[in-house]
Amino acid sequence: MNSVAASVLMGLLVLPAYAQEPSAKGVNFYSLESEIQLGQVAAATLMRTLPIVHEPKLDAYLAKLTAELAKYASPQFAYSFTVYEDRKPLGLQWVALTTAFRMPADAFQGLAAEPVAFAGGPILVPLSLLADAPDEAEFAFQLAHAMAHIALRHSTRQATRQELQNIAAVALKVESDHTLAGAAILTSERVAVQLGMLTFARQSELQADTVATGIVAAAGYDPEAAVRYLEGQPPADGAKPPRVFSAHPTVDRRVAAVRAALEKLPARGYAAGTGEFDEVKALAAGIR
Ligand SMILES: [Zn+2]
């Protein structure tokens, strides 16, 4: 039993606004409304402390590219994208936040491997991903992968699964853990942030890859870019694990999922592009 699931469950108990409602597919304790609310609180809390990059040209580019992708993702979510600087060490203020919210000590420390998707729509995009992307199609795949996690409601499904598995253990944990005993300390912010920090299951990652492949292809980007992107990733259990909240399957399994998705796509040419990628990438690389 870990404290994350315990606190999320406590959140459900102490916050009546987060009504339980079954979803169309599979069990999900969270209503769509509460999911969107939690994701917004989590993203806003982190964005107050993370070094957010404010660069109008970059934001305009991201808005243009993601508006195209969003046409082919689930329309019930309002995807929003915020760039943060992941290439510099975070300060003491961040350390205080990770402690206060019981985040993993290394959360957001160091170069990120993929955008961070929060329930209901917010997505944090590490600047290094844009600065290092070889082409727009590969960058689009990374954004679409994060959108797919949101569209598939992976955060709240994962939270629901952990709660189901640990429901008995939670009661014991709450009684024995003095730091959890007072409902007063369990603010909605903490619950929301911890929901955002749950590790996606490997199966969720493969699903996100499959859906993202469909999104980029429908938007006119070469979906083979997904394979190129994945093959450029360090192995999941190698010396350099991805520093995101994902238990990534091996690159081979992810490539196999993408290839299976590619086979189902109709034959067509792929020529989408904003025409601005090179300029914006250079801009991103130059931000200090
Ligand atoms: Zn992922």
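Modeller: A residue is buried if 20 or more other C-beta atoms lie within 10 Å of its own, exposed if 12 or fewer, and partly exposed in between, with C-beta atoms placed from the backbone. Arg-153 counts as buried here, because 24 C-beta neighbours lie inside 10 Å.

Colleague: Before I go on, what sort of model is this?

Modeller: A predicted one: local features need pLDDT of at least 70 and side-chain atom pairs pLDDT 80 or more, while totals for chains, interfaces and linings use all residues. Residue numbers start from 1 along each chain as its sequence is written.

Colleague: Fine. Where is Arg-153 found?

Modeller: In the loop between helix 6 and helix 7 (154–176). Helices (H or I, at least four residues) and strands (E, at least two) are DSSP runs, numbered from the N terminus. Overall, the protein has 13 helices and three strands.

Colleague: Where does Phe-108 lie, and is Phe-108 buried or exposed?

Modeller: Look in the loop between helix 4 (92–100) and strand 2 (116–117). Phe-108 is buried, since 24 other C-beta atoms sit within 10 Å.

Colleague: What share of the protein's residues count as buried?

Modeller: Of its 288 residues, 42% do. For a local example, take helix 2 (residues 32–47): its buried residues include Ile-36, Leu-38, Val-41 and Leu-46, along with Ser-34 and Glu-35.

Colleague: Which residues is Ala-140 in contact with?

Modeller: Contact means C-beta atoms, placed from the backbone, within 7 Å. Setting aside neighbours within four places in sequence, Ala-140 touches Leu-65, Leu-69, Val-216, Ala-219 and Tyr-221.

Colleague: Across the protein, how many contacts join residues at least 24 apart?

Modeller: Counting contacts between residues at least 6 apart in sequence, 84% do.

Methods: Expected span 1.5 Å × (residues − 1). Contact = placed C-beta atoms within 7 Å.
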